[in-house]
Amino acid sequence: MLGATNPVLVWVVSLLVTAAPVLAPRESRAEAPHTEPADQVALDALFAIHGLLEQGCVGNGIGGFACSEVGDTEQFTIGVAAGFVDGHGNLDAVFANFNETNRVCLGDGAGGFSSCSLIDDAGSSGDDVALGFVDADPWLDAVFANSGQGNRVCLGDGNGGFQCSSIGGAPNSIGVALGLVDSDTTLDVIFANSAHDQNSVCLGDGNGSFVCTDVSDDANNTQEVVLGHLNDDSHLDAVFSNFSLHQNRVCLGDGNGGFQCSDVSDDQDSTVDVALGRIDGDSHLDAVFSNISAPNSVCLGDGSGSFSSCNPVDGKTNETRGLALGFVDRDSNLDVIFANFLTPSRVCLGDGQASFSCTEVSGEALFANEVVLGDFGANPLFSDGLESGDTSSWSQTVP
């Protein structure tokens, strides 16, 4: 997402949550799971909406959604992450809000929220949020990329409350990812920094404190970062989405917090968001990018840390600010949801060979900044006895 200097020009983030919605055991915003989806899981979508109530879209398991407003307050929401924040077993949501205090909303298990509260009384200007186990207790913590006001780590108490403190990194962070970047077992943080600051890697000590350095000398107005295993070593690598006619970058980790970076391709598409998953039939991670000045694209990984080719997902150019990968129609092929600003968001069902069939999530053209996937409950496909072929009550069906 773009730097948060103007609420209408703030760009998104995206946290990837799929059929098993919260996190690889100790890291977040990493690659999409490559196991087949459970037979009885139909993923729902939660959209972060700019200046309006958030939108929750209950999935029917075959690519259709029924959408409605959720939450209790209209805010300038830029980023969203989903996880089990309290002990009630329902998927919760944490929101990063532009020029407003970040919020946590506890899920009610029926597709909505039972209550929402503020996080961090010190104030914030959130652009992105990632969830993970930052300290040694068993409760999810949150790390916020706060442009202009300093990044924050907020340690969860297991009941939906958080204690927050400052974390390092550049002052213009707008994207964040958590992962095991060095050789210890404590989560580290990578910040995507705009305003031509270098991106930051912050190594965690397991107690909620971090030591930060630059990822590289690159200063490419970066919008987002995602982590995954892109080559044949055991070290986490990073892909950065870059705006303002900069190439997207892939940075291969050395397992000690260092990286070697190169261009993903020659494309300069003003990219906002990125997610990793196995899109085609091989075992290598691929990248999907949301673009502003060109159609959204998929770049196929070759397993060595490079990408062999990049192609449009569906040929349409929208103001796409966020994306998420998941098994939307419950086959074994990854699908993608695109969050569009001022045009209807889109769901693109994958065929397992890097081609997609795309339709609108709903007919509404909202100010969608971000989308996250997960099982938020109240799935009428199962709870109301709808047969898989009965889509008459859904706002959008598979073409």
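Q: With which residues is Leu106 in contact, leaving aside its neighbours within four places in sequence?
A: In this predicted model, Leu106 is in contact with Asp86, Asp92, Gly112, Phe113, Ser114, Ser115, Asn159 and Gly160, once its neighbours within four places are left aside. Leu106 itself is found in strand β4, residues 103-107.

Q: Is Leu106 buried or exposed?
A: Burial is read from relative accessible area, and buried means under 20%. Leu106 has a value of 14% and is therefore buried. In the protein as a whole, buried residues make up 60% of the 399 residues.

Q: How far apart are Leu106 and His88 in sequence and in space?
A: The two residues are separated by 18 residues in sequence, and their C-alpha atoms are 9.0 Å apart. For the whole protein, among contacts with a separation of 6 or more, 52% are between residues 24 or more positions apart.

Q: What secondary structure does the protein have?
A: The protein has 1 helix and 26 strands.

Q: Which residues have the most contacts inside the largest nonpolar core?
A: The general idea is that in soluble globular proteins nonpolar side chains tend to be buried together. Here the largest nonpolar core has 18 residues, and Phe47, Phe65 and Ile337 have the most contacts inside it. Two or more residues come from each of β1 (44-59), β23 (335-340), β24 (346-350) and β26 (368-374). Strand β1 gives the most, with 4 residues. Another core, of 16 residues, lies apart from this one and includes Ile279, Val288, Leu325 and Ala354.

Q: How many salt bridges are counted?
A: Side chains of opposite charge can pair when their charged atoms come close. The count for this model is 6 salt bridges. One of them joins the side chains of Arg249 and Asp218, at 2.9 Å from N to O. Arg249 lies in strand β16 and Asp218 in the loop between β13 and β14, so this pair ties together parts that are 31 residues apart in sequence. Arg249 is buried, with a relative accessible area of 15%.

Q: Which parts of the chain does the pair of Arg346 and Asp314 link?
A: The side chains of Arg346 and Asp314 meet in a salt bridge at 3.0 Å, N to O. The pair links strand β24, which holds Arg346, to the loop between β21 and β22, which holds Asp314, 32 residues apart. Arg346 counts as buried at 10% relative accessibility, whereas Asp314, at 26%, counts as partly exposed.

Q: Is Arg321 buried or exposed?
A: Arg321 is buried, with a relative accessible area of 0%. The side chain of Arg321 meets that of Glu319 in a salt bridge at 2.7 Å, N to O. Glu319 is partly exposed, at 24%.

How values were computed:
Residues are numbered from 1 along each chain as its sequence is written. This is a predicted model: local features need pLDDT of at least 70, side-chain atom pairs count only at pLDDT 80 or more; totals for chains, interfaces and linings use all residues. Side-chain values use heavy atoms; hydrogens and water are left out. Buried means under 20% relative accessible area, exposed over 50%, partly exposed in between (1.4 Å probe, protein chains only). Contact means heavy atoms within 4.5 Å. A nonpolar core is a set of buried Ala, Val, Leu, Ile, Met, Phe, Trp, Tyr and Cys residues joined through side-chain atoms within 4.5 Å. A salt bridge is a side-chain nitrogen of Lys or Arg within 4 Å of a carboxyl oxygen of Asp or Glu.
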